Amino acid sequence: YPVQNVDLVDRLAKEGLVISEYPPETPTLKHHFPIRNRIIAGLSTGVLVVSGTETSGTRYTAGYAVDYGREVFCLPYGIGVASGEICKLLVKNGATMVETSEEIASYLEYFNNPNNQKKYHLFNNFERELLYYFEKLSEIDKKEIIEFTKIKARKKQ
């Protein structure tokens with residue numbers, strides 16, 4: 001689904017892999033999409049949500065990704081843009097906002113490093129994202145943030 005993808009599915013079946021919980025001749029039914037999205041989330045390292053309303057099926061995919069411990073990435077949208085409702089909601093709940101594929105690759109590369117996983121396993125997505133960007137700052141930038149926030153800096157352990 002949609003019908004325009006028949007050639008794509010045929011090509012994937014010949015050259016790649018098509019996975020479904022249903023036999024090949026099963027008709028496309030609306031309630032199959034959340035089940036399909038569960039498989040997509042389970043096979044993925046991370047899920048990029050590009051649009052959707054708060055009631056769209058996209059929320060199922062993002063929810064499954066979170067349940068499976070996968071990263072959820074979202075594109076930014078302006079206030080009042082209906083197609084960006086789900087992205088704004090997901091970011092509020094800990095998804096990582098990204099604008100480029102390079103950001104996703106860099107983020108996944110960083111957090112898939114076993115040394116960094118040990119360091120960050122106690123933090124939620126939002127806290128990990130802040131730490132990720134904070135570590136990329138120069139010492140001068142860090143000092144400015146410390147002075148501005150009046151937070152005492154701890155020495156590295």
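**Surface, core and sheet**

Analyst: Leu-8, Val-9, Leu-12 and Val-18 form a nonpolar patch on the surface, and together they have about 300 Å² of accessible area. A patch here takes residues with over 30% relative accessible area and no salt bridge, joining like charges within 9 Å and nonpolar side chains (Val, Leu, Ile, Met, Phe, Trp, Tyr) within 5 Å; areas come from the Shrake-Rupley method with a 1.4 Å probe, and for residues only the protein chains shown count as cover. This is a predicted model, in which local features need pLDDT of at least 70 and side-chain atom pairs count only at pLDDT 80 or more, while totals for chains, interfaces and linings use all residues. Residues are numbered from 1 along each chain as its sequence is written, and side-chain values use heavy atoms, with hydrogens and water left out.

User: Where is Val-9 found?

Analyst: Val-9 is in helix α1, residues 6-15; helices (H or I, at least four residues) and strands (E, at least two) are DSSP runs numbered from the N terminus. With a relative accessible area of 37%, Val-9 is partly exposed, a class that lies between buried (under 20%) and exposed (over 50%), again with a 1.4 Å probe and protein chains only.

User: And inside, which residues form the largest nonpolar core?

Analyst: The largest nonpolar core has 11 residues, namely Ala-41, Val-47, Val-49, Ala-62, Ala-65, Val-72, Cys-74, Ile-86, Cys-87, Leu-90 and Ala-95. Such a core is a set of buried Ala, Val, Leu, Ile, Met, Phe, Trp, Tyr and Cys residues joined through side-chain atoms within 4.5 Å. Two or more residues of this core come from each of β1 (46-49), α3 (58-67), β2 (71-74) and α4 (85-92), and α4 gives the most, with three residues. Apart from this core lies another, of eight residues, including Ile-104, Tyr-107, Phe-111 and Tyr-132.

User: What about the sheet, in which order do the strands come?

Analyst: Three strands form an open sheet in the order β1-β2-β3, with parallel pairing, where two strands pair if DSSP finds at least two bridges between them. β1 and β3 (96-97) stand at the edges with a single partner strand each, so one side of each is left without a neighbour in the sheet. Two bridges join β2 to β3, and Met-97 in β3 is the bridge partner of Cys-74.

User: Is Thr-96 buried or exposed?

Analyst: Thr-96, which is in strand β3, is buried, with a relative accessible area of 1%. Not counting residues up to four places away in sequence, Thr-96 touches Glu-71, Val-72, Phe-73, Cys-74, Tyr-107 and Glu-129, contact meaning heavy atoms within 4.5 Å.

User: Switching to charges, how many salt bridges are there?

Analyst: There are two salt bridges, each defined as a side-chain nitrogen of Lys or Arg within 4 Å of a carboxyl oxygen of Asp or Glu. One joins the side chains of Glu-15 and Arg-11 (3.6 Å, N to O); both residues lie in helix α1, four residues apart, about one turn of the helix, and both are exposed.

User: And the pair with Glu-21, which residue does Glu-21 meet?

Analyst: Glu-21 meets Arg-38 at 2.5 Å, N to O. This pair links distant parts of the chain, 17 residues apart, with Glu-21 in the loop between α1 and α2 (32-43) and Arg-38 in helix α2. Glu-21 counts as partly exposed at 46% relative accessibility, and Arg-38 is partly exposed at 27%.
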